Amino acid sequence: MIKLKNIAGHFKTITRHRHAVIKHAFKAGIPLRGLLHDLSKYSPAEFMSGIKYYTDGKKSPNEGERLEYGYSKAWLHHKGRNKHHFEYWNDYNPKIRKYAPVKMPLNYVIEMFCDRVAASKIYQGDKYTDSHPIE
């Protein structure tokens, strides 16, 4: 059963996170990346999972989905559509016949940094320190 508090809570959490990324992205000189950041989280493929596994904004709902299925369909959807995740930048390399990292453009590296800082601030709340994004 879908709980109204989960819908509202998840929407509030992802929107607070997105607004924090926008703020950091403007300061970092990549305003467009900030404005486009994480729009896929509002898609049914990610949002419905977020509602189901919502935990009062204390941690990513993807963790709950992983516990149930062994993987997160929402995360697979998300990382495949958002270039600020380093996981997006892996492809099969025919020279070594394995998956390997591909060079990530700088604007996405900057967005990734803004994302980590914002996510740490949202999930850690008053306990946030500058070491959290690295951890």
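Which residues in H3 meet which in H4? The model here is a predicted one, where local features need pLDDT of at least 70 and side-chain atom pairs count only at pLDDT 80 or more, while totals for chains, interfaces and linings use all residues. Residues are numbered from 1 along each chain as its sequence is written, and side-chain values use heavy atoms, with hydrogens and water left out.

On the H3 side it's Ser49, Gly50 and Lys52, and they meet Pro61, Glu65, Glu68 and Tyr69 of H4; contact here means heavy atoms within 4.5 Å. Helices are DSSP runs (H or I, at least four residues), numbered from the N terminus. Sorted by class, this contact has two nonpolar, two polar and three charged residues. Ala, Val, Leu, Ile, Met, Phe, Trp, Tyr, Cys and Pro count as nonpolar, Asp, Glu, Lys and Arg as charged, and the others, Gly among them, as polar.

Now for the angle. The axes (lines fitted to C-alpha atoms, for helices over the stretch in contact, with angles from 0 to 180 degrees between N-to-C directions) come within 8 Å for H3 and H4 and cross at roughly 80°. That makes H3 roughly perpendicular to H4, a label for angles of 65 to 115 degrees.

H1 is a helix of 24 residues, reaching 35 Å from its first C-alpha to its last, close to the 34 Å expected at 1.5 Å a residue; the expected span is 1.5 Å times one less than the number of residues. Gly29 follows H1 and has a positive phi, near 85°.

Technical notes
Helices (H or I, at least four residues) and strands (E, at least two) are DSSP runs, numbered from the N terminus. Angles under 35 degrees count as roughly parallel, over 145 as roughly antiparallel, 65 to 115 as roughly perpendicular and the rest as oblique.
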